[in-house]
Amino acid sequence: MDKTDRYTYTLGVNINPAKWVSLQGRFGYDTYKTDGSRLIHPQSYLTTAVQGGQLDNYYRRYTGYNHTINATFKKSIGKFNGRLMLGTMWQDYQTKMFAVYGTKLLTPLGRDSSNTTANTRVRLNRNNFGQFNEYIVRQIAYFGEFAVNYKNMIFLNYTHRFEQASTLPKANRNYNYPGASLSFIMTDILPGLKRMTFLITGNYVHHLLLLPVLMELTAISQYLQTEQAAA
């Protein structure tokens with residue numbers, strides 16, 4: 001049973017100081033507070049007679065901010081049309097949590113943590129010192145694209161992106177990946193043929209894909225898993 005208060009804010013900005021340049025900005029902020037519990041009745045098939053029921057109480061606070069800002073420049077020279085785009089991206093997601101898990105319920109439906117037997121209670125590690133357990137993910141990126149076409153029939157694109165992600169080991173947090181494509185509208189060049197495209201690029205791999213874990217996700221075990229993944 002959870003009680004959640006959540007607020008989400010977004011902002012978009014578009015500025016065109018000249019016909020050949022445009023500026024865009026997208027900003028987002030998301031925050032919520034959750035006060036919840038997970039109760040397993042002593043007679044449930046999910047617990048054993050020795051455990052005598054389970055109770056997981058937790059308080060979670062999340063804040064997330066992100067923005068993407070880019071500038072686009074366009075220029076035509078004769079039959080050639082060019083475009084240059086430069087931008088940056090920032091993400092900052094933080095989760096703070098208190099949790100206590102216990103067994104041997106004193107009453108079958110009580111949801112307060114005091115309803116568990118004292119010597120069975122387990123808290124998140126930093127909670128034992130009066131602090132929140134924290135999970136922080138930060139990512140920054142700089143990216144650009146150069147595109148040129150000839151008479152809107154032949155298209156050449158090159159993209160490049162530099163990133164730094166806190167989810168990766170310190171020695172390997174900086175990385176980049178380029179991308180390039182060359183395409184033709186063959187029906188405009190050779191009648192009877194269709195469009196052809198050749199593309200090479202890369203993408204960001206989420207850190208959890210590098211650390212396969214299978215476990216029951218109570219509030220306690222979930223944060224043990226995320227702490228291991230962030231270590």
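Student: Which residue stands opposite Leu 55 in E4?

Tutor: In this predicted model, Leu 55 faces Gly 102 of E4. To read such a pair, look at the two strands that hold it. E3 covers residues 54-77 and is joined to E4 by 24 bridges, with the two strands antiparallel.

Student: How many residues lie between E3 and E4 in the hairpin?

Tutor: Two residues separate E3 and E4 there, and Gly 78 in the turn has a positive phi of about 65°.

Student: Which other strands does E4 pair with, E5 and E6 being on my list?

Tutor: Take each in turn. Strand E6, residues 133-150, runs antiparallel to E4 and is joined to it by 18 bridges. Within that pairing, Leu 84 has Phe 146 as its bridge partner. E5 is also antiparallel to E4, over two bridges. Here Val 100 is the residue opposite Arg 123.

Student: What should I keep in mind about side chains along a strand?

Tutor: In a regular strand, side chains alternate between the two faces of the sheet.

Student: How many aromatic pairs are there in the whole structure?

Tutor: A search finds eight aromatic pairs. To read one, take the distance between ring centres and then the angle between planes. For Tyr 62 and Tyr 93 the centres are 6.5 Å apart and the planes lie at 25°, so this pair is stacked. Tyr 62 belongs to strand E3 and Tyr 93 to strand E4, 31 residues apart, and the pair links distant parts of the chain.

Student: Are Tyr 62 and Tyr 93 buried or partly exposed?

Tutor: Relative accessibility decides that, with buried meaning under 20%. Tyr 62 counts as buried because its value is 15%. Tyr 93, at 25%, counts as partly exposed.

Student: What is the geometry of the Phe 80 and Tyr 150 rings?

Tutor: Their centres are 5.1 Å apart and their planes are at 50°, so the pair is tilted. This pair also links distant parts of the chain, with Phe 80 in strand E4 and Tyr 150 in strand E6, 70 residues apart. Phe 80 is partly exposed at 45% relative accessible area, and Tyr 150 is partly exposed at 29%.

Student: Which residues do ring pairs link into a cluster?

Tutor: Tyr 32, Tyr 62 and Tyr 93.

Student: Now the loops. Where is Thr 116 found?

Tutor: Thr 116 sits in the loop between strand E4 (80-103) and strand E5 (122-123). Thr 116 has a relative accessible area of 3%, so it is buried.

Student: What does the side chain of Thr 116 reach, and which residues is Thr 116 in contact with?

Tutor: The side chain reaches the backbone oxygen of Ser 113 at 2.8 Å. Leaving aside neighbours within four places in sequence, Thr 116 is in contact with Leu 55, Gly 102, Thr 103, Lys 104, Leu 105 and Arg 121. Two of these names, Leu 55 and Gly 102, are the opposite residues we began with.

Student: Where does Thr 48 lie, and is Thr 48 buried or partly exposed?

Tutor: Thr 48 lies in the loop between strand E2 (21-40) and E3. Thr 48 counts as partly exposed because its relative accessibility is 42%. A polar atom of the Thr 48 side chain lies 3.2 Å from the backbone nitrogen of Gln 51.

Student: How far apart are Thr 48 and Lys 104 in sequence and in space?

Tutor: They are 56 residues apart in sequence and 10.0 Å apart in space, C-alpha to C-alpha.

Note on methods. Residues numbered from 1 in each chain as written. Predicted model: local features only at pLDDT ≥ 70, side-chain atom pairs only at ≥ 80, totals over all residues. Heavy atoms only, no water. Helix = DSSP H or I, 4+ residues; strand = E, 2+ residues; numbered from the N terminus. Buried < 20%, exposed > 50% of the residue type's maximum accessible area, 1.4 Å probe, protein only. Polar contact = N/O pair within 3.5 Å; in protein donor to acceptor, adjacent residues only side chain to side chain. Contact = heavy atoms within 4.5 Å. Pairing = 2+ DSSP bridges. Phe/Tyr/Trp six-rings, centres within 6.5 Å; stacked < 30°, edge-to-face > 60°.
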